[in-house]
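Let's take a friendly walk through a protein together.

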Amino acid sequence: MQYLLMIYQNEAEYAKLDTATGQKMMGEYQDFTQSIIQSGNFKAGDRLRPTTTATTVRIRDGKTLTTDGPFAETREQLGGYYLIEAKDLDAAIAIAARIPSARLGSIEVRPIWVYD
């Protein structure tokens, strides 16, 4: 089964990390990504640009409305994701727990809807 692991953390807090800590975390991400590629769990994944670069799109009364930034004001922002293959939710949670940002923010694990 496929799961989307959504990585949330506070962008403002992340920006305060010193260079050495940021580089260490990037190394941890590289190691983690390589491990799930080698295990066959990796399907896709990317880091996202900050929410200041986001645009939210809505259609209301047939008109396209756009606003800068994300729709919701939250303490943590979506910063990236992994699409993985795992045998069950417990296996997906075990993989999510190894994502470096789980120590600073949260990882939402959500199954992918499979259409018949």
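Which strands and helices do the buried residues of H2 pack against? To find out, let's begin with the whole chain and work our way in.

What you see is a predicted model. The protein chain holds three helices and six strands. Starting from the N terminus, these elements follow one another in the order β-α-α-β-β-β-β-α-β. The C-alpha trace spans about 50 × 45 × 20 Å along its principal axes.

Of the 116 residues in the chain, 26% are buried. Look next at contacts with a separation of 6 or more: residues 24 or more positions apart account for 76% of them.

Now find helix H2, which covers residues 19-39. From its first C-alpha to its last, H2 reaches 30 Å, close to the 30 Å expected for its 21 residues at 1.5 Å a residue. Its buried residues are Gly22, Met25, Tyr29, Phe32, Thr33 and Ile36. If you look down the axis of H2, these buried residues fall within an arc of 100 degrees, so they line one face of the helix.

The face of H2 turned away from that buried side carries exposed residues, among them Thr19, Gln23, Lys24 and Asp31.

Back to our question. The buried residues of H2 pack against strands E1 (2-9), E2 (42-47) and E5 (77-85), and also against helices H1 (11-15) and H3 (89-96).

Key: Residues numbered from 1 in each chain as written. Predicted model: local features only at pLDDT ≥ 70, side-chain atom pairs only at ≥ 80, totals over all residues. Heavy atoms only, no water. Helix = DSSP H or I, 4+ residues; strand = E, 2+ residues; numbered from the N terminus. Buried < 20%, exposed > 50% of the residue type's maximum accessible area, 1.4 Å probe, protein only. Contact = heavy atoms within 4.5 Å. Expected span 1.5 Å × (residues − 1). Arc of directions from axis to C-beta.
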